[in-house]
Amino acid sequence: MGAEKKWLLTLFSATLLSLLLLLFSSISAFTSPKPFPSIVQHGAHCPPAFAYYIYGGRGDRARIFRLLLAVYHPRNRYLLHLTAEESEDERRRLASAVKAVPAVRAFGNVDVVGKPDRITYMGSSNLATTLRAAAILLKVDSGWDWFITLSAVDYPLVTQDDLSHVFSSVRRDLNFIDHTSELGWKELHRIQPIIVDPSIYLARRSQIFHATEKRKTPDAFKIFTGSPWFVLSRSFLEFCILGWDNLPRTLLMYFTNVILSEEGYFHSVICNSPEFKNTTVNSDLRYMIWDTPPKMEPHFLNTSVYDQMVQSGAAFGRQFQKDDPVLDMVDVKILKRGRNLAAPGAWCSGWKSWWMDPCSQWGDANILKPGPQAKKFEESITNLLDDWSSQSNQCK
Ligand SMILES: *[C@@H]1O[C@H](CO)[C@@H](O)[C@H](O)[C@H]1NC(C)=O
Ligand SMILES: *[C@@H]1O[C@H](CO)[C@@H](O)[C@H](O)[C@H]1NC(C)=O
């Protein structure tokens, strides 16, 4: 072989090698997630962001994960709490499922509570865990605007792009909290009885117990009650958690011994505080169907109420049975979400096909693309804001 031929062969193999390398790198650019997330921007000139606290108990791991995927967006923050009724193993499985989602790994915006609390149904331990969640979320993320509580039986009826788009035109100090001071039968059966929640001081689970005596209805402040589900502003939660004013703390001590304190605490704090009572919009933004008179929990929603549920313009529905077919309908028709994948939004830039997750690659996370369900939701928010500005339905 002549020197020239040898040289040609080397050139040829070098070219082939670089072509192959180029081919491989372009393939991997298509299939592997971008190593660096796009910069998430927060602030008054950016779309609002939400802090979600999602909790559940025994047997709820898969539902919590599904709900997380349904409400996921890189701009938001999430705290998941699988309570102490569930095993350590299930909590670990939840944490590893969360970590396996490419966007969650890159944006690092989901945490799982590692030291769970015990929650007693109807007791104040429930309120304590909500306050703890709000405190954690305030501490770990300075970018969010509203705090939303969800439990494993809830599901969204709008996309996160819809939610953030519609909330872009809402004053960021407003609080969506269903409330009334008309106590009715609750005065005698909810406010005057004194209860103790043993989860606060006993290591083993037990039920709340009732004191034999009742106490007077307070007159140092006015009691408000309402739905335990809300969308609260960051500024109001700072007021509750940081506690420079004594009102949130005084009411917390009072509500420790009230049945279902979650249905009265935030409502009473906000309506008794002069700087926040004008910020209440009287709605919980949930779709629920109740019996008349209402039982403890609303009906389970199923496919037979799908149309009326999406026509309601609510942001979330409650409550659903595990893996009910109506959840698949919401996934297909509203969220456009594939099985075990995050609900796509304008931030997802991957190819949409049966073999690929469109949200395993992303572009600008600060851009929103509201879908058809945003219109209904916007109508209901507009109506609520009209109601709010008339002040006729506020802390009364
Ligand atoms: C709240 O609204 C009332 C009635 O319009 C008004 O008098 C009061 O000054 C407002 N409070 C704040 C803090 O804006
Ligand atoms: C939906 O739930 C209602 C009661 O809540 C029940 O009567 C109805 O049969 C259910 N429909 C389906 C399709 O499961």
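User: Is the crossing of α2 and α3 left-handed or right-handed?
Analyst: This is a predicted model, in which local features need pLDDT of at least 70 and side-chain atom pairs count only at pLDDT 80 or more, while totals for chains, interfaces and linings use all residues. Residues are numbered from 1 along each chain as its sequence is written, chains are lettered from A and ligands are numbered from 1, both in the order in which they are written. Helices (H or I, at least four residues) and strands (E, at least two) are DSSP runs numbered from the N terminus. A crossing is left-handed if the near helix is turned anticlockwise from the far one by less than a right angle, and right-handed if clockwise; that of α2 and α3 is right-handed.

User: How are α2 and α3 directed relative to each other?
Analyst: The axes of α2 (residues 61-71) and α3 (residues 88-99) come within 10 Å and cross at roughly 25 degrees. Axes are lines fitted to C-alpha atoms, for helices over the stretch in contact, and angles between N-to-C directions run from 0 to 180 degrees. Under 35 degrees counts as roughly parallel, over 145 as roughly antiparallel, 65 to 115 as roughly perpendicular and the rest as oblique. The two helices, α2 and α3, are therefore roughly parallel.

User: How many charged residues are in the contact of α2 with α3?
Analyst: Arg 61, Ile 64, Phe 65 and Leu 68 of α2 meet Glu 90, Arg 93, Leu 94, Ala 97 and Val 98 of α3, a contact being C-beta atoms, placed from the backbone, within 7 Å. Ala, Val, Leu, Ile, Met, Phe, Trp, Tyr, Cys and Pro count as nonpolar, Asp, Glu, Lys and Arg as charged, and the others, Gly among them, as polar. The contact of α2 with α3 then has six nonpolar residues, no polar ones and, as charged residues, three.

User: At what angle do the axes of α6 and α13 cross?
Analyst: α6 passes α13 in a right-handed crossing. Asp 162, His 165 and Val 166 in α6 meet residues of α13 including Phe 377 and Ile 381. The axes come within 9 Å, and the crossing angle is roughly 35 degrees.

User: Which strands stand at the edges of the seven-strand sheet?
Analyst: This open sheet has the order β3-β2-β1-β4-β9-β6-β10, with mixed pairing; strands pair if DSSP finds at least two bridges between them. An edge strand has a single partner, so one side is left without a neighbour in the sheet; the edges here are β3 (110-112) and β10 (280-281).

User: How many polar residues are in the shell around ligand 2?
Analyst: The residues around ligand 2 are His 299, Phe 300, Asn 302, Thr 303 and Ser 304, where near means a C-beta atom, placed from the backbone, within 6 Å. By class, the shell around ligand 2 has one nonpolar residue, no charged ones and, as polar residues, four.

User: What is omega of the cis peptide bond that joins Thr 292 and Pro 293?
Analyst: Pro 293 lies in the loop between β11 and α11 (306-311). The peptide bond from Thr 292 to Pro 293 is cis, with omega about -10 degrees.

How values were computed
Two residues are in contact if their C-beta atoms, placed from the backbone, lie within 7 Å.
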